Amino acid sequence: MRLSLTNFVFVCVAFAASQVLAAGELSLTVVDAETQTPIPCRLHLRNEKDRAQRAAKMPFWNDHFVIPGTVTLKLAKGTYHFEIERGPEYVVRNGYLIIGNQSKDNKVVDLPRACNMAEEGWWAGDLHVHRPVNDAELLMRAEDLHVAGLSTWSTKKNEWTGRTLPTQPVKQFDKNRYCDLLGGESADKGSTFLYLNVDRPLLTRSSGDGQAPSSLAMAREHENAWIDAVRPTAWDLPVWLATGRVDSIELANDQFCRGEMIDDANGRPRDKKLMPGPVGIGRWTHEIYYHVLNCGLRVPPSAGSGSGEAPNPVGYNRVYVWVDKDHFNYETWWKGFRMGRSVVTNGPLIRPFANGQLPGHVFTEPEGETFVLDVLLNFTARDTISYFELIKDGRLAQTVRYEEVAKSGRLPPVKFESSGWLLIRAVTDVENTYRFATSAPWYVEMGDEPHRVSRASAQFFLDWLNERKEMIDKQKTDSPLAASDWAAAREFWEKRLAEANAD
């Protein structure tokens with residue numbers, strides 16, 4: 001028997017129905033609509049008082065639990081609302097059930113796929129997960145993730161203390177799923193960074209002068225680690241950028257939550273009059289990233305849910321990296337990521353190409369010519385998208401209504417007469433959080449100045465650096481950064497400003 005459902009919407013398709021269940025105990029099976037085989041998934045189940053329910057022995061976090069495909073629910077009498085999800089590539093099933101006394105029932109729910117990103121070469125990853133190691137495989141299957149980074153140690157805590165380290169830091173399962181078991185996090189005053197692809201916890205030692213351990217020193221000691229900037233608003237970001245040790249920057253991080261946006265009280269504040277509310281938090285994060293690109297620093301965007309600390313499910317914020325499906329593995333995923341062949345999302349699923357090339361591609365053209373980029377776009381959206389944006393060199397070049405893109409899959413051409421970059425962003429109408437998708441940039445190199453360096457953006461980071469140093473000196477607080485770190489950073493940004501070739 002199939003469980004009927006109340007309203008759910010995916011793209012432009014809607015379903016509606018209802019059925020009353022009378023069972024003190026409900027055995028629920030969720031199957032893939034095409035294969036009819038049970039699939040792991042996530043359940044949000046709330047009672048009449050809007051309290052999240054748990055299922056025995058199933059991993060629970062915040063307001064949801066995951067199941068391997070089947071679960072037996074023992075529930076008190078009453079009415080319950082449910083949502084069943086399996087990442088953004090499946091249709092959401094939601095509805096309600098009514099539980100009576102002393103009755104049993106068995107129900108089956110099917111989840112249709114809206115798209116299959118991996119079949120198109122796009123493989124999903126979540127770099128920032130704070131969930132138990134023993135739950136990792138089920139959590140990844142339930143969200144249809146192929147790469148995950150577990151944060152199992154930090155400068156304050158090490159989950160491996162007294163335990164044997166895994167002989168293989170990256171665990172492979174289901175043939176094409178990979179979990180980094182030894183990822184970690186450093187959280188100095190003013191910065192939060194992830195360390196991935198290491199072979200042991202990289203815990204720093206005290207400098208002996210009373211200062212906090214320096215995660216920047218740790219980064220220098222471990223050159224092979226992939227370092228991900230969790231919070232672009234982190235006060236010490238300009239210092240880190242100057243070292244060249246930032247491998248990716250999270251445009252969808254643990255501030256971007258399923259039901260809310262969380263302001264960064266410890267980061268560089270935004271102008272809330274210009275960027276108010278949940279949208280403002282998201283826009284500020286992205287604006288900082290655009291300044292990074294405008295300084296000629298080609299750092300790919302990333303994503304992390306922060307699940308286990310942030311209220312998100314695993315994989316709510318995710319980065320898709322393109323790898324030919326016949327050559328996908330852990331190494332090729334990171335290689336593609338390094339090249340910027342990626343999109344970041346916590347909602348819409350976009351698959352863009354510019355002049356037939358993936359994001360991250362570098363177009364080289366002679367000086368004095370006009371170069372045109374044409375972007376074609378496949379997309380799938382659960383939430384309503386009002387518009388798509390073409391962002392050129394940090395500024396809005398075009399806004400295109402959803403209806404126009406839906407007709408042709410094409411965005412307006414963008415002209416370049418000098419070196420620069422372009423990316424696309426899709427923004428939904430969700431009001432309580434910032435739900436979006438963005439591509440990594442395409443780069444255009446023209447003539448003898450292939451890297452665009454903006455004076456305004458270089459000054460932006462130099463002002464940021466000076467503001468941070470003044471704050472520390474005024475408050476007389478310890479900084480984990482050495483005097484040489486500050487001096488090197490100031491020299492870097494002053495040089496960038498002197499070499500700027502654009503406004």
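## Strands and their sheet

Two strands count as paired if DSSP finds at least two bridges between them, with strands being DSSP runs of E (at least two residues) and helices runs of H or I (at least four), each numbered from the N terminus. In this predicted model, local features need pLDDT of at least 70 and side-chain atom pairs pLDDT 80 or more, while totals for chains, interfaces and linings use all residues. Residue numbers start from 1 along each chain as its sequence is written, and side-chain values use heavy atoms, with hydrogens and water left out.

Thr-79 has Ile-98 in S9 as its bridge partner. Strand S8 (residues 78–85) and S9 run antiparallel, joined by seven bridges. They belong to an open, antiparallel sheet of five strands, ordered S5-S6-S4-S8-S9. At the edges sit S5 (60–61) and S9 (93–99), each pairing on one side only.

## A helix on the sheet

Helix H1 (residues 136–143) packs on this sheet and touches S4 (41–46), S6 (64–67) and S8; touching here means heavy atoms within 4.5 Å. The direction of H1 makes about 95° with that of S6. Such angles run from 0 to 180 degrees between N-to-C directions, and axes are lines fitted to C-alpha atoms, for helices over the stretch in contact.

## Where H4 meets H7

Over in the helices, the axes of H4 (residues 277–294) and H7 (residues 455–475) come within 8 Å and cross at roughly 115°. That makes H4 roughly perpendicular to H7, a label covering 65 to 115 degrees.

H4 brings Trp-284, Ile-288, His-291, Val-292 and Asn-294 to the contact, and H7 brings Ser-457, Phe-460, Phe-461 and Trp-464.

Definitions and conventions: Parallel < 35°, antiparallel > 145°, perpendicular 65-115°, else oblique.
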